[in-house]
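Here is a short report on aromatic rings and their neighbours. Look at the structure first, then read on.

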Amino acid sequence: MAFNELKRIEKAVGQLCLRRSPAHLTQQLRLVYQVKGHEVLVVEQRPRWDNPEEWGESPIAKLKFIRTVKQLQLYWQRANLKWYSYEPCFSSPDPADLVRAIDTDPHGCFFG
């Protein structure tokens, strides 16, 4: 992913993670993002129920950079653990557009 894209992703997705991770709950719930190659994975972290010393992760959303069209595509994960395109806001060159779709979540795909 291009360096300038990483800056825009850090700003947009990083702000989402901060907004959705209240300071008083950081020991119980965190929203973080991970960049791997051309994908950005938004993950919810919580202490495991059977071992509170370990943190478990649940994927929330995936943004995939498509180099040929210079756009990010938004995906959500169904209960079968497969990723599907998020139809109402499928792709955009601006990560802030996709973060807005994740944050508002009108169809309950990301936060239930």
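Over the ring of which residue does the charged end of Lys62 sit? The ring belongs to Tyr75, and the charged end of Lys62 is 5.8 Å from its centre. A charge sits over a ring if NZ of Lys or CZ of Arg is within 6 Å of the ring centre and within 35 degrees of the ring normal.

This is a predicted model: local features need pLDDT of at least 70, side-chain atom pairs count only at pLDDT 80 or more, and totals for chains, interfaces and linings use all residues. Residues are numbered from 1 along each chain as its sequence is written, and side-chain values use heavy atoms, without hydrogens and water.

The predictor's confidence in each residue is its pLDDT, from 0 to 100. The protein chain has a mean pLDDT of 91, and 96% of its residues reach 70 or more.

The whole structure holds two aromatic pairs. Rings of Phe, Tyr and Trp (its six-membered ring) pair if their centres lie within 6.5 Å; planes under 30 degrees apart count as stacked, over 60 as edge-to-face and the rest as tilted.

| Pair | Centre to centre | Between the planes | Type |
|---|---|---|---|
| Trp76 and Tyr84 | 6.4 Å | 45 degrees | tilted |
| Tyr86 and Phe110 | 4.8 Å | 50 degrees | tilted |

Tyr86 and Phe110 are 24 residues apart, so this pair links distant parts of the chain. Both residues, Tyr86 and Phe110, are buried. Buried means under 20% relative accessible area, exposed over 50%, and partly exposed in between (1.4 Å probe, protein chains only).

Trp76 counts as buried because its relative accessibility is 18%. Tyr84 is partly exposed, at 32%. The charged end of Arg78 sits over the ring of Tyr84, 5.6 Å from its centre.

Key:
Helices (H or I, at least four residues) and strands (E, at least two) are DSSP runs, numbered from the N terminus.
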